Amino acid sequence: MTEDVVDALGADLRAAGYTVDGVAELLGPDAHAALGRGVWWPALRACDAAGGALATLVRLLLLGADESPQRAAEAFPTAGLAALTACGVLEDTGETVRAILDIRPYSDFLVVSDQDAALRGGPLHRDHVLGIGGASLSLARAVVRTPVRRALDLGTGCGVQALHLSGHCDHIVATDTNERALALAAATARLNGMSWDLRHGSLFEPVAGERFDLIVSNPPFVVGAGATDYIYRDSGVAGDGLCRSIIEQVADHLNPGGTAHIMANWIVRGDDWGARVRDWLAGTGLHAWVVQRELADPVSYVALWLADAGEPTERVAQRGGAWLDWFAEQGITGIGMGLISLRVPAAGERPEQTCEEILDEPVTGPEVDAFFARRAYLRHTTDEALLAARLSTAPVLLEEQSLPGEHGWQQIGAAVRRPGGPAAVIGVDEVLRALLAGCRGEVPLGALIDLLAAHHGVDTGALAEAALPEIRAAIGRGILYQAE
Ligand SMILES: C[S@@+](CC[C@H](N)C(=O)[O-])C[C@H]1O[C@@H](n2cnc3c(N)ncnc32)[C@H](O)[C@@H]1O
């Protein structure tokens, strides 16, 4: 797509009000919600009822429907049908016009990608450029958005991560092995008035010798025998080798204090899912927070990815069988899916690497940043300093579990949870409950422990020794904090 055509297309989309709010208003809440669930026909019906340029744009670009050449021409008065057809945005048979690309409002942006299998109504091409998917959104949500100078989006695809980076990074390098992805990312950037340094090549090859303050990647992480069917998901590397390579190389491209967020899948054999990722991380010298969001069994995993490409049933069954055979040969019992966040340690610091499964709460950028800040606080704060600190308890809930017994309710456990925080829960005993209630940023922790010891008639030193690991755990979960 030439820059002139992209600019003209942008002018037409803006003139028609082709925005998130504009589309939501056109469709109405029910059809809009149905479309969000993948049910498109109520949206088509709403477009037919509304008519006009915006409805035509939604039919063509969001719903993949056919339009008459006349209505399509009316919706693109600036770009014109001929130019959009010539550069592969639309297809014009003379009787009907349909879109080849998916161009959709997303947040305050417009994003250009290929149409997914459901809209295309057939198998995807090898160089298919993926639109915004669940993994794209999970990654975008998890990125620390502190303003920085240089950022890298490795495997940019349609450019969705680079769009978000543009809000807080001065210079963005976005790479891909798929030339078509780079072309569509360039269109996405231009449509949104942005400019990225787009480079072709695999993994870190296009940025050899360069360093960044922030690196994000939603790479083709699918675990298999090394397929190369679809560039957006099949790396051609067997197993989880591609993710391993990224993790092993990323430290060479981070500036001091830099952060990286990598979406990844990893092979699981047996019970300890973290063993494999710990092995990847061992030589990196980076702090890490690895969050497994899901552990899929082989059948569910293969079925998920085979459903993605819109292939005929027989081919799906044949490929699925071969894929499962390979998993069995490799002794693979599950596939872990999650997010690896990494940070360069301060000078002289030993890297600290934490792997945990968090299935419920999403991981957000502020939580990742707070996680690394809390770990740093705990590393640098001695027990003496902790006892002198005036700690505060975050907004938390006390959850008690009780069973009915002979003498009424018998409490069997209690926990304190920070709502909205991933894995932000700790079990509490009577002492910790009292300490959490007393931590209001006013009295040093040591003084609170003295009061409690006196109240229970126990030795202060023994109480402190027992309580400090729990206090540290509470700080690690963001349940307790030291206000500046
Ligand atoms: C799952 S898509 C992610 C696209 C986008 N960044 C997002 O978050 O939705 C993976 C992207 O990585 C690209 N890719 C595949 N192999 C690659 C490699 N070896 N090096 C860099 N990018 C690669 C694909 O072409 C594709 O655009």
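**Notes on the ligand site, the aromatic rings and the cysteines**

1. Let's start with the shell around the ligand: by class, 7 of its residues are nonpolar, 10 are polar and 1 is charged. Keep in mind as you read that this is a predicted model.

2. Who sits around the ligand? There are 18 residues in that group, and S136, G155, D176, S202 and L203 come nearest.

3. Now look for the ligand's nitrogen atoms. With T177 you need to look at the side chain, where a polar atom lies 3.3 Å from a ligand nitrogen atom. As for cover, the ligand on its own has 600 Å² of accessible area, and the protein covers 95% of that.

4. Next, the rings. You can find 9 aromatic pairs in the structure. One of them is F221 with W305, an edge-to-face pair with 6.0 Å from centre to centre and 70° between the planes. F221 belongs to the loop between β8 (212–217) and α11 (241–250), while W305 is in helix α13 (residues 298–308), so this pair ties together parts that lie 84 residues apart in sequence. F221 is buried, at 9% relative accessible area, and W305 is buried too, at 13%.

5. Buried or exposed? F371 is buried, with a relative accessibility of 5%, and F372 is buried at 6%.

6. Last, the cysteines. A disulfide is a covalent bond between the sulfur atoms of two cysteines. How many disulfides does a search of the whole structure find? The count is 0. Take C169: the closest cysteine sulfur is in C158, and at 17 Å from the sulfur of C169 that is too far for a bond. C169 is also buried, with 6% relative accessibility. C243 is in no disulfide either, and the nearest cysteine sulfur, in C355, is 14 Å away. C243 is buried as well, with a relative accessible area of 1%.

Key: Residues numbered from 1 in each chain as written. Predicted model: local features only at pLDDT ≥ 70, side-chain atom pairs only at ≥ 80, totals over all residues. Heavy atoms only, no water. Near = heavy atom within 4 Å. Polar contact = N/O pair within 3.5 Å; in protein donor to acceptor, adjacent residues only side chain to side chain. Areas by Shrake-Rupley, 256 points an atom, 1.4 Å probe, with all protein chains shown as cover. Nonpolar A, V, L, I, M, F, W, Y, C, P; charged D, E, K, R; others polar. Phe/Tyr/Trp six-rings, centres within 6.5 Å; stacked < 30°, edge-to-face > 60°. Helix = DSSP H or I, 4+ residues; strand = E, 2+ residues; numbered from the N terminus. Buried < 20%, exposed > 50% of the residue type's maximum accessible area, 1.4 Å probe, protein only. Disulfide = S-S within 2.5 Å.
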